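User: I'm new to reading protein models and I'd like a close look at one part: the place where the two chains meet. Could you walk me through it, and then show me around the chain on the other side?

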Amino acid sequence: MADYSREAVLDRSKNGESLERADLRDVVLSQADLESANLRRADLEGVNFEEANLRNANLSNANLRDAYLANASLQGVNLQKADLEGANLEGANLQNADLSRANLEGASLERANLSGARLNYAQMEAANLGGAVLQHVQLANADLRDAYLGGADFTDANLNGADLTKANFEEANLSGADLRDANLHNAKLNATVMTGAKLHGCELDVENLVEVIAEWVDFAANGNGERTPGDTLAEQYQAMKSGAGQSSSGSQAGKRFFGQGDVLRNAALEFGDKSVVEIESRFENCSIALGTGAVLRLGKHGVMQGCQVVGFGEIDIHGEFKENEKGPGIVGPKSVTVRKDGIMSGSVQQPPTMTEFAFEHGCVLRLKIQK
Amino acid sequence: MSDNKTAKQTVVENGTEFEGVMRSQCPVVVSGKVKGEVSAPELTLTNDGNVQGKIKVKQLKSEGSLGGEIDAESVELSGSISDNTVIRSAALQVKLQESGGNKLQVSFGNCELQVGDPSKKSKSETHSSGNKKEHTAQEPVAVN
């Protein structure tokens, strides 16, 4: 027996009263006006919300398994960590909704509008997003294995680190999408538009690139659109994988690559404004000056030991940064990001404007931050 | 989700200030101000939440202001971290700034982060040429 009738739910919502943790199973809420309602942690399993107005409602951690939300208005809704397994969201409007870490396994989102929505770390295995609009959507590290994404519009979407194994992208539009470090193994890319997509570090089956439609693709590590050598996408992908694109780019102004196996000791290096430096080597006791806007990417195999990096640059650590007792190892950076495989042991002296920090789950830190 | 109905939490609402020792068996949500010692399985700080002191929890999620000595298994941060804060955790996540945003996801004062176990992941020993591999207690050592 549900805690409230349909009328009571509508009254409470209208009066701004909370429905948090309410048991509303079996209540028919189709076409209901529940704008800004608080339904946090509510039990809504199988509830019919067809064409309901749930704009800006709080449904975080709610149980919406097998719920029927077709054509519902869900703009700006908070669905963080909600359980939507098997839910029907066909034609729903989810613009700017927050579905971070939500469970959408097997859910149907066919023709749904998800523009600007946040779906980072969402579980979307075998979900159906056929024909959905996903422009500027945040899907970083989402699980989209076996998902059907045919005809979907992912223009400028962020799919960084997403698992897209066996996903079907036939006739989807991935123009300008960020697919760096994504896994596209066994993904179907028939007639998939990928012009300007960022593909550095992604894993895919090179033979599938033949099916892709693209005027150009961005294989650069920092996604700045720099051209990678090779006439075909397959050749460019292979060049990116082997690192050849990076090493040959020494001829390009401001870009430097230090390959795996090399060791550099006691060197003083200066890199100009907006230069891009990639390190897969071992640096020991080196002094590095970064110009404004320069990017220093310490790759997965890269190690910097006893080094000091100074300047208003962007530092991206996939490898290991270990300072000596002299410290601080990093002085005045614009941003410091430590990725999931990264290790940062040392200290960061922030500039007056403060440093932007980002730490991925799984990173290791022994870090002192100084203002 | 079936346990949602029975799950309880301790809530310190916006406008409420608490000073002292708080020990809870259930998740704690702070939208107000807490100063002192907090131990609980989960601690969540909303945008308006402020907790300063000694915190011992399994999971910590903060969008507010946080400071003091923090021990947790898992930490997710945004908001701000006060001076003289130490965070010890098996895992930490600070989200990347979303494109187009100007606001810092998190601002750090003078603080110390001890996250994860470096001995499990260190690349420097295996990478360096000429380094002798040392046995650790976890590794089997042949005995004649």
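Analyst: Let's start with one word we'll need: a residue is called buried if 20 or more other C-beta atoms lie within 10 Å of its own, exposed if 12 or fewer, and partly exposed in between. Keep in mind, too, that this is a predicted model.

Now for the place where the chains meet. The contact draws on 33 residues of chain A and 32 residues of chain B. The largest share comes from β10(B), with five residues. If you sort the chain B side by residue type, you get twelve nonpolar residues, 13 polar ones and seven charged ones.

So what does β10(B) pair with across the boundary? Its partner is strand β18 of chain A, residues 364-370, and the two strands run antiparallel, joined by five bridges. To find the pairing on your screen, look for A:L365, which stands opposite B:V115 in β10(B).

Next, step back into chain A as a whole. Chain A has three helices and 18 strands. Of its 371 residues, 58% are buried. Among its contacts with a separation of 6 or more, 5% involve residues 24 or more positions apart.

In α2 of chain A (residues 233-242), A:L233, A:Q236, A:Y237 and A:M240 are buried. Look down the axis of α2(A) and its buried residues fall within an arc of 100 degrees, so they line one face of the helix.

Most residues other than glycine have a negative phi. You'll find A:N56 in the loop between α1 (6-14) and β1 (183-184) of chain A. A:E171 also has a positive phi, near 60 degrees, without being a glycine, and its place is in the loop between α1 and β1 of chain A.

Are these two residues buried, exposed or partly exposed? A:N56 has 17 C-beta neighbours inside 10 Å, so it counts as partly exposed. A:E171 has 16 such neighbours inside 10 Å, so A:E171 counts as partly exposed.

Terms used: Residues numbered from 1 in each chain as written. Chains lettered and ligands numbered in written order. Predicted model: local features only at pLDDT ≥ 70, side-chain atom pairs only at ≥ 80, totals over all residues. Contact = placed C-beta atoms within 7 Å. Helix = DSSP H or I, 4+ residues; strand = E, 2+ residues; numbered from the N terminus. Nonpolar A, V, L, I, M, F, W, Y, C, P; charged D, E, K, R; others polar. Pairing = 2+ DSSP bridges. Arc of directions from axis to C-beta.
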